[in-house]
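Q: I would like to take a close look at one part of this protein and understand how its side chains are arranged.

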Amino acid sequence: MPQFSPSYSFPVQIYYEDTDFSGVVYHPNFLKYFERAREHVIGAERLRDLWQQQQLGFAVYRSDMLCHEGVEFADIIDIRTKFYFESKYRTVWHQEIWRPNGKKPAVTATIEMVCMNQARQLAPMPADLIAQLSLGM
């Protein structure tokens, strides 16, 4: 069984522009919210520095998302994120969207990310990044 990180929480306000005509979030937006939450865990400055200084970034290798119930306009949702290292090239992120006072997650996803260089080839994650992300594990 993999060792998951602690769970990180990231709030997202649902705006009218996020929804379809019925006031329910348009499903591709969930992937954007998950991306923002992962960026929050790693840190925007850290991601920028990785790209500019080491020419490394992350790409989605695989995603599996299940929509259990709708999320609506004006909700403030909680994105709960935890991850583990699959290898020195890959991380696996388990993410859930919780509505206010929800009894279960509204949306769940498992997203596999790979580290790549600017030539779009697999590259090992830097040891200092692994150490930074492992501190809470």
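Which residues does isoleucine 77 touch, not counting residues up to four places away in sequence?

A: In this predicted model, isoleucine 77 touches Phe10, Pro11, Val12, Ile14, Tyr33, Val71, Ile97, Trp98 and Arg99, leaving aside residues up to four places away in sequence. Isoleucine 77 belongs to the largest nonpolar core, a group of 28 residues. Among the residues with the most contacts inside this core are Ile77 itself, Tyr33, Val71 and Ile97. At least two core residues come from each of the following: strand E1 (8–13), helix H1 (28–42), strand E3 (76–85), strand E4 (90–98), strand E5 (107–117) and helix H3 (127–134). Helix H1 gives the largest share, six residues. In soluble globular proteins, nonpolar side chains tend to be buried together.

Tyrosine 33 has a relative accessible area of 1%, so it is buried. Tyrosine 33 and phenylalanine 30 both lie in helix H1, three residues apart, about one turn of the helix. Their rings form an edge-to-face aromatic pair, with 6.2 Å from centre to centre and 75° between the planes. Phenylalanine 30 also counts as buried, because its relative accessibility is 3%.

Notes. Residues are numbered from 1 along each chain as its sequence is written. This is a predicted model: local features need pLDDT of at least 70, side-chain atom pairs count only at pLDDT 80 or more; totals for chains, interfaces and linings use all residues. Side-chain values use heavy atoms; hydrogens and water are left out. A nonpolar core is a set of buried Ala, Val, Leu, Ile, Met, Phe, Trp, Tyr and Cys residues joined through side-chain atoms within 4.5 Å. Buried means under 20% relative accessible area, exposed over 50%, partly exposed in between (1.4 Å probe, protein chains only). Helices (H or I, at least four residues) and strands (E, at least two) are DSSP runs, numbered from the N terminus. Contact means heavy atoms within 4.5 Å. Rings of Phe, Tyr and Trp (its six-membered ring) pair if their centres lie within 6.5 Å; planes under 30 degrees apart count as stacked, over 60 as edge-to-face and the rest as tilted.
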